[in-house]
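Hi,

Here is the structure I promised to pass on to you. Have a look at it first, and then read on for what turned up.

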Amino acid sequence: MTTKRCEPMLTCRRTKRWLWRWRANPLRRRDDVLEAWLVLALWTLVAVGGALAGVLTARAADDAFMQQRAERTPVTAVLLTDTPPAEATSYRAFAQVRWIGKDGSARTGRTLVNGGLKAGSTTVLWTDARGDLTTRPPSRTDAAVEAGLLAAASALAVSGIAFGVTGAARYWLDRRRIDEWGREWDLVGPRWGHKTG
């Protein structure tokens with residue numbers, strides 16, 4: 001709350017009253033104090049909860065990416081079909097491939113490979129712990145960037161939920177104050193005498 005303090009023959013200067021909602025004041029309502037506590041809780045939750053959610057999400061994502069790097073292994077596969085030239089399609093195209101699994105058995109599957117390759121060409125693919133084709137695991141740099149983005153998204157989500165809940169509570173308090181003012185006006189208004197009609 002900002003007020004002006006003026007002294008005679010001097011210019012006015014603004015003074016700021018910190019924590020004015022908690023100070024003793026005959027005009028202060030219980031709803032004002034409740035709203036002040038809500039705003040304080042909101043900013044505490046945004047600062048602490050958002051940071052905590054971001055850190056926990058970043059750690060969980062980093063652990064998941066580390067596990068992917070540990071489980072996924074590269075294998076050399078042979079193309080069984082030609083792929084369209086890179087100019088005719090997107091940079092990558094689906095092709096039938098064959099590779100040797102961890103157990104020594106020949107396996108076949110369909111996956112994305114670079115365009116313009118002929119049948120019999122070799123390419124490097126990635127397999128998971130079961131030996132099935134999967135995507136390449138993210139590098140440490142890519143994993144760090146993705147973990148950071150996920151952490152920021154989770155912090156924003158926590159903040160958004162906190163702002164939404166607090167906004168709804170403040171709306172409810174505003175409606176309650178307006179209803180209270182209406183009831184008070186119904187009591188005080190008739191005492192003022194004549195009404196214009």
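What percentage of the 197 residues of the chain count as buried? The answer is 23%. Please keep in mind as you read that this is a predicted model.

**Overall picture**

The chain holds two helices and seven strands. Starting at the N terminus, their order is β-β-α-β-β-β-β-β-α. Its accessible surface is about 14300 Å², and carbon and sulfur atoms account for 61% of that. As for contacts, if you take those between residues at least 6 apart in sequence, 54% of them join residues at least 24 apart.

**Strand pairing around β3**

Strand β3 covers residues 73-79, and six bridges connect it to strand β6, residues 122-127. These two strands run antiparallel. If you want a spot to look at there, T76 sits opposite V124 of β6.

Strand β3 is also joined to strand β4 (residues 92-100), here by three bridges, and this pair is antiparallel as well. On this side, L79 has V97 in β4 as its bridge partner.

Helix α1 spans residues 30-71, and E35 is part of it. Is E35 buried or exposed? Its relative accessible area is 6%, so it is buried, as that value falls under the 20% cut-off. The side chain of E35 makes a polar contact of 2.7 Å with the side chain of R170.

D32 belongs to helix α1 too. D32 counts as buried because its relative accessibility is 9%. How far apart are the C-alpha atoms of D32 and R170? They are separated by 9.9 Å, while the two residues are 138 residues apart along the chain.

**A nonpolar patch**

Which residues make the nonpolar surface patch of about 500 Å²? They are W185, L187, V188 and W192. Of these, W192 is located in the segment that follows α2, the helix of residues 140-188. W192 has a relative accessible area of 62%, which is over the 50% cut-off, so it counts as exposed.

That is what I have for now. Happy browsing!

Best wishes

Conventions. Residues numbered from 1 in each chain as written. Predicted model: local features only at pLDDT ≥ 70, side-chain atom pairs only at ≥ 80, totals over all residues. Heavy atoms only, no water. Patch = residues over 30% accessible without salt bridge, like charges linked within 9 Å, V, L, I, M, F, W, Y side chains within 5 Å. Areas by Shrake-Rupley, 256 points an atom, 1.4 Å probe, with all protein chains shown as cover. Salt bridge = Lys/Arg side-chain N within 4 Å of Asp/Glu carboxyl O. Helix = DSSP H or I, 4+ residues; strand = E, 2+ residues; numbered from the N terminus. Buried < 20%, exposed > 50% of the residue type's maximum accessible area, 1.4 Å probe, protein only. Polar contact = N/O pair within 3.5 Å; in protein donor to acceptor, adjacent residues only side chain to side chain. Contact = heavy atoms within 4.5 Å. Pairing = 2+ DSSP bridges.
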